Amino acid sequence: FSVGKNDNLERGSYRVRYRGGVTLAFDMELTLPRKEKWANPAGIALTEKSVYVFDGGIPSAPLAKKEDAPPNDDPLESGATYLYKFSRDGKPDTTFGDRGRATLFDKPTGIMSVAADENGLVYFPSGMHEIIVLGKTGERSGQTLGGYAADPKSPRHTIWTGGAALGPDPRIYILMGSAVRVYDRRKSNFDGFLYTGHCTHLNNSARSIASDRRGSIYLIAHPVNVFQKIHDTGKEIKEGYLADANDKMYAPMGLSAGGSLVWIADHGPGPGPFWDSGGGNEIILFWDNGEKLVLLERFGAGGKARDRLEFINPCTTIQTPDHMELWVVEDGLRNADGPPGNARVRKFRITAASSEEVPLELK
């Protein structure tokens, strides 16, 4: 057995847990009220008491030629962009928006990520140059983070924001291209700018950034289909190490980080026929041992079964801080080869064939 180093571990009470034979067991599926159906769930955020799910609708896509047009009952673009709020046991929060649903835009967008804090504030990219902040009841608070600076070389502007992740209070990380802007999320516009960091690999896809809330940040490295660790010292961003390119992933996205464990949705589809082990449609667990990113296990295969480890278009994962639950979102987008995504949100228990834990006090 080996124990990795963690430069971010603070003094306090911890549990040291051993688990062997880790797997995922279906727990519940999050369903919408009023007989609604998910169109294209894309992002998810957890707080201690709440679950937020971002449904971006089905955005339009360019057609290669006129005869590629879908039939009338399969429109190119459908739905609005909604944010739903639930209690952790899956009940709609009727104090949020319209009985649990806030309308963000009246049409589909390319926005796919959302973050939320314990104060009930929600953060998501505008689709343009800033991060929008929603209040506790789903209304726009009037606060935005970042924006477009007149000088395109400004270290603080946030042009074409990708995703955002919450860091140690009060920091928020805003992803744009090969840069990560660090802002104080209590302030508005450019007033909260703290510093910026640059990475070797281009990365401007939403759902491509995760933070463990202690200074470790993980980014999907495009187009090489691996991910990278960077580190926030509190004063600057330092570039870290890449996962092994031999850990085959096909359109990885939707990272979740905590306690040196990183879960990734391996969306796919990979090369080859959709139902013939083409790659993707699985969830992958990595361990950051302080020196490299180690692939521990792959879970799942292509399929629609509700209570099994079957996925089509998994796009986002999020683990609970105690590492006992994992939520997985599958989008509803079409695939060139195979059926569309399952368009669902499920919670799995992280179980083990054997497990032991002991308390630990760091002084």
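The model is predicted: local features need pLDDT of at least 70, side-chain atom pairs count only at pLDDT 80 or more, and totals for chains, interfaces and linings use all residues. Residues are numbered from 1 along each chain as its sequence is written, and side-chain values use heavy atoms, with hydrogens and water left out.

**First stop: Trp38 and Tyr84**

Rings of Phe, Tyr and Trp (its six-membered ring) pair if their centres lie within 6.5 Å; planes under 30 degrees apart are stacked, over 60 edge-to-face, and the rest tilted. Select Trp38 and Tyr84: their ring centres are 5.2 Å apart and their planes stand at 75°, so this pair is edge-to-face. Trp38 belongs to the loop between strand E2 (23-29) and strand E3 (41-46) and Tyr84 to strand E5 (residues 81-87), so the pair ties together parts that are 46 residues apart in sequence. Strands (E, at least two residues) are DSSP runs, numbered from the N terminus.

Trp38 is buried, at 11% relative accessibility, and Tyr84 is buried at 3%. Buried means under 20% relative accessible area, exposed over 50%, and partly exposed in between (1.4 Å probe, protein chains only).

The charged end of Arg101 sits over the ring of Tyr82, 3.9 Å from its centre. For this, NZ of Lys or CZ of Arg must be within 6 Å of the ring centre and within 35 degrees of the ring normal.

**Second stop: Phe105**

Phe105 and Phe124 are both buried. Select Arg140 as well: its charged end sits over the ring of Phe105, 5.1 Å from the centre.

Val16 lies in strand E1 (residues 12-20) and is partly exposed, with a relative accessible area of 43%.

**Last stop: His323**

Select His323 in the loop between strand E25 (314-319) and strand E26 (325-330). His323 is buried, at 12% relative accessibility. Its side chain reaches the backbone oxygen of Gly258 at 2.9 Å. The side chain of His323 also makes a polar contact with the side chain of Gln319 (3.4 Å). A polar contact is a pair of N or O atoms within 3.5 Å; within protein, one must be able to donate a hydrogen and the other to accept it, and residues adjacent in sequence count only if both atoms are side-chain atoms.

Key: Helix = DSSP H or I, 4+ residues; strand = E, 2+ residues; numbered from the N terminus.
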